[in-house]
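Subject: Structure handover

Hi,

Here is the structure I promised to pass on. Have a look at it first, and then read on for what turned up.

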Amino acid sequence: MGDHIIRKGHESEIAEIMELIARCIQVMREGGSDQWDEHYPNAEVIGGDIAAGTLFVLDDGGAVSGIIVLDENQAEEYDAIDWSERQGPQLIMHRLAVHPQAQGRGVARQLIAFAERHAAEGGYASIRLDTYAKNTRALQLYPSLGYEPRGEVYFPHRETPFPVFEKIIR
């Protein structure tokens, strides 16, 4: 496991994070998924996350092996979903990515566990997220960690649905 710390990402790491995302996109494409592309998530989006203090990295001895964004920004498409926790506040999980060379080592699980601690400490009632209908690994991972499927959303200009999940924290 080594020296794993989860901390906020730094502006100086944007290039390294964009490289991680590029590698993830390559692996997604090889696996038949078009979830991400050269337009999203882009350096502007990632830079905004870092500036807002909402992007966290799993620092593996100085190298970024995974990222996750935790904020309160919900897509308006979420309004149509029948969530079980409506009171809030809700923490939204976005842009979870693990470097292909670090995949299969529990990095995603560590980042998700961190998100749940962050949510509990922050007084959030639940965590919401969307994943992608072609992302079979994520579709297996989230339910195994207690995330309940709540339906699916469609985003503009995308034909494939994005299944949404929810985990009650409080």
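Let's start with Phe56: its relative accessibility is 6%, so this residue counts as buried. Before going further, keep in mind that this is a predicted model.

Phe56 has a ring partner, Phe114, and the two form a tilted aromatic pair, with 5.0 Å from centre to centre and 55° between the planes. What does this pair link? It joins distant parts of the chain, since Phe56 sits in strand β2 (residues 55-60) while Phe114 belongs to helix α3, 58 residues apart. Phe114 has a relative accessible area of 14%, which is under the 20% cut-off, so Phe114 is buried too.

On to another ring pair. Tyr132 and Phe162 have ring centres 4.8 Å apart and planes at 55°, so this pair is tilted. Tyr132 is in the loop between β5 (126-130) and α4, and Phe162 is in strand β7 (residues 162-168), so the pair ties together parts of the chain that are 30 residues apart in sequence. Are these two residues buried or exposed? Both Tyr132 and Phe162 are buried.

In the whole model, the count comes to 6 aromatic pairs.

Leaving out residues up to four places away in sequence, Phe162 touches Gln35, Asp130, Thr131, Tyr132, Glu152, Val153 and Phe155.

Which way do they cross? The crossing of α3 and α4 is right-handed. On the α3 side the contact is made by Ala108, Arg109 and Ile112, and on the α4 side by Leu141, Tyr142 and Ser144. By type, the residues of this contact divide into 4 nonpolar, 1 polar and 1 charged.

Cheers

Key. Residues are numbered from 1 along each chain as its sequence is written. This is a predicted model: local features need pLDDT of at least 70, side-chain atom pairs count only at pLDDT 80 or more; totals for chains, interfaces and linings use all residues. Side-chain values use heavy atoms; hydrogens and water are left out. A crossing is left-handed if the near helix is turned anticlockwise from the far one by less than a right angle, and right-handed if clockwise. Helices (H or I, at least four residues) and strands (E, at least two) are DSSP runs, numbered from the N terminus. Contact means heavy atoms within 4.5 Å. Ala, Val, Leu, Ile, Met, Phe, Trp, Tyr, Cys and Pro count as nonpolar, Asp, Glu, Lys and Arg as charged, and the others, Gly among them, as polar. Rings of Phe, Tyr and Trp (its six-membered ring) pair if their centres lie within 6.5 Å; planes under 30 degrees apart count as stacked, over 60 as edge-to-face and the rest as tilted. Buried means under 20% relative accessible area, exposed over 50%, partly exposed in between (1.4 Å probe, protein chains only).
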